Amino acid sequence: MKPLLINGEQITTADAFENINPSDRSDVIDRHALAGAKDTQHAIEAARAAFPGWARSGPQERHDLLKKVSDEIMTRSHELGELLAREEGKTLPEAIGETVRAAQIFDFFAGEALRLNGETLPSVRPNIQIDITREPVGVVGIIAPWNFPIAIPAWKIAPALCYGNTVVFKPAELVPGCAWALADIIQRAGAPPGVINLVTGPGRVVGQTMLDSAEIDAISFTGSVETGRVVAEACVTRMRKFQLEMGGKNPLVVLDDADLEVALDCAINGAFFSTGQRCTASSRLIVTQGIHSRFVEELSARMRALRVGHALAKDTQIGPVVNETQLKQDLDYIGIGVAQGGNLRVGGEVVRRDTEGHFLTPALITDTTNDMRINREEVFGPVASVIRVKDYDEALHVANDTEFGLSSGICTTSLRHASHFKRNAEAGMVMVNLPTAGVDYHVPFGGTKGSSYGAREQGSYAREFFTTVKTAYTLP
Ligand code: TXE
């Protein structure tokens, strides 16, 4: 059994849960300790006790820890990538890429630890000096989803530690393997006991205990809108800092003047890679009438050629859906799309392979309108719909007509339309001739409207969430 990690100690529990491979349900990857409320309390107390010491640690110590973590993840990227592909189901190249990304994130924040700075200003009153400094927030609770098992924990934990906070990390139940590996690496890299604590277990027990605790100073959450709301309410009640990254219903606009090859690449990558299980996935393809039939025809042909299969198989391009519940959700939404008047043009079939996994062929639903549920609610699977529009103005209007605002894309060769779209797309991230998914790690990540709440994640913008500003006045 893989244990919990609390106060630098590995702790086993009476109960355990299994980590099952979605490409092959007979493959039990490992068993993991199942934490209860008491274990979670214990982890929170450990993080609280470790906080004063870590808050006083210097830039060199923090840099060295984060750099060492980065180095080990990078050295083990193939092994960890394989574990990630086995437990989450993205293809091996995607999984290795995500692991390398996690290493790069720790490396970035190792550098940031050496760049901590403040400001000194003269006062408006005579002889007084003002210092503006940033202090750690305290004990940070990190609640992570299953779709990026190592990159999302990395982009929350690395800045938390960089800025002097201690961490209670609760990964999603479906991906405890990478979570354990990451916590273990951070511990062995020399984190003092209690600086990083891992508690594996159900959201409604472990997560809820974290939300209910007065000893956690901030919560960083990525997951569903529904759970995000629970997190927000609990945090507001306690006047505690929080940030939420939630769903998307990301549009990819394809204009008549688009380079068709570029548009097809963007659609295939954005909608279906990582089995469409990305908050930045392009789930609404908004296509102007002059290019619509060519685009749909060629996209359908490319989709039929995509190889769906075991995440570790060499020729697989699309891995399995993460579990049975998610598969049911995908199929339900395809059914809803058709029932409301959409045309299932290609895919959407559960297929059998040599192993028993949750394999679904990428689905394209055409002839949809933006008011249909398939275009309003996040599916979170390899399912995209096409909305035909008259021109750019209608495309922009439809793109913005959503409760979400994470990533918004356009394929066009017109500088005028590209520039207008960048200014007017209601989203935290805008992509021109690029897939809506796939971002850099040194720049801010996050959305507007119902997609995100609170300070941005990633890059140097992460310090807004993981630090508190202090203004000190001195009369020497
Ligand atoms: O999410 P949850 P799930 C969406 C996507 C998917 C659906 C369900 O549509 O189909 O959410 O996925 C923890 N207090 N996204 O069930 O429940 C939970 O244990 C505290 C989109 O995985 O939101 C996990 O660690 N924590 C999204 C984390 O919250 C609680 C990515 C997220 O789980 C809790 C993931 C509680 N009461 C899912 N209940 C994206 N767009 O990136 C659960 N948790």
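I'm working with a predicted model, where local features need pLDDT of at least 70, side-chain atom pairs count only at pLDDT 80 or more, and totals for chains, interfaces and linings use all residues. Numbering starts from 1 along each chain as its sequence is written, and side-chain values use heavy atoms, with hydrogens and water left out.

I looked up β3 (residues 16–21) and β4 (residues 24–33) and found six bridges joining them, antiparallel. (Strands are DSSP runs of E, at least two residues, and helices are runs of H or I, at least four, numbered from the N terminus; two strands pair if DSSP finds at least two bridges between them.) Two residues sit between β3 and β4 in this hairpin. Glu18 has Arg31 in β4 as its bridge partner.

Sheet. Next I checked an open, antiparallel sheet of three strands, ordered β5-β6-β20. β5 (119–122) and β20 (467–474) each have a single partner strand, so one side of each is left without a neighbour in the sheet. Four bridges join β5 to β6 (residues 129–136), and Thr120 stands opposite Asp131 in β6.

Largest pocket. I noted 41 lining residues, with Gly223, Ser224, Val225, Glu226 and Thr227 nearest the centre. (A pocket is an open set of points on a 1 Å grid over the protein atoms alone, with protein on both sides within 12 Å along at least five of seven lines; lining residues have an atom within 4 Å of a point.) α8 gives the largest share of this lining, six residues.

Methods: 1 Å grid on protein atoms, 1.4 Å probe; cavity = no way out; pocket = protein on both sides within 12 Å on 5 of 7 lines; lining within 4 Å.
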